[in-house]
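Trainee: I'd like to learn how to read salt bridges and helix packing in a model. Can we go through one together?

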Amino acid sequence: MSNKKYRFQIIKDLIKDQEISNQDELLKKLIDLEITVTQATLSRDLRELKVSKVPNSSGQYIYRFTENTVPTTTVTH
């Protein structure tokens, strides 16, 4: 599995399973899992995965997928 594909899967799992409110928080979780990524790359990843910020039940904005289903990973060269 490529680094990008693996990273995308971890990001999808984290966003699906947790309430993450900002890139810094997501970046720290990735680092805790020993995934090295820059903030710029993470920002591109979130855009490519179609992640948006939406309010949760308490009004705090958290990351969620824009699509109704979790997107599949596409690798482009």
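**Charged pairs and helix packing**

Mentor: Start with Asp 24, which forms a salt bridge with Lys 28, their closest N and O atoms lying 3.2 Å apart. A salt bridge here is a side-chain nitrogen of Lys or Arg within 4 Å of a carboxyl oxygen of Asp or Glu. Both residues lie in helix H2 (residues 23-32), 4 residues apart, about one turn of the helix. Keep in mind that this is a predicted model, where local features need pLDDT of at least 70 and side-chain atom pairs count only at pLDDT 80 or more, while totals for chains, interfaces and linings use all residues. Residues are numbered from 1 along each chain as its sequence is written, and side-chain values use heavy atoms, with hydrogens and water left out.

Trainee: How many salt bridges does this rule give?

Mentor: Side chains of opposite charge can pair when their charged atoms come close. The count here is 3. Glu 48 and Lys 4 meet at 3.4 Å, N to O; Glu 48 lies in helix H3 and Lys 4 in helix H1, so this pair ties together parts 44 residues apart in sequence. Arg 7 also bridges to Asp 45, at 2.5 Å between the closest N and O atoms.

Trainee: Are Arg 7 and Asp 45 buried or exposed?

Mentor: Both are buried (under 20% relative accessible area; exposed is over 50%, partly exposed in between, with a 1.4 Å probe and protein chains only).

Trainee: At what angle do H1 and H3 pack?

Mentor: About 70°, with the axes of H1 (residues 3-17) and H3 (residues 39-48) 11 Å apart. They are therefore roughly perpendicular (65 to 115 degrees).

How values were computed. Axes fitted to C-alpha atoms, helices over the stretch in contact; angles between N-to-C directions. Helix = DSSP H or I, 4+ residues; strand = E, 2+ residues; numbered from the N terminus. Parallel < 35°, antiparallel > 145°, perpendicular 65-115°, else oblique.
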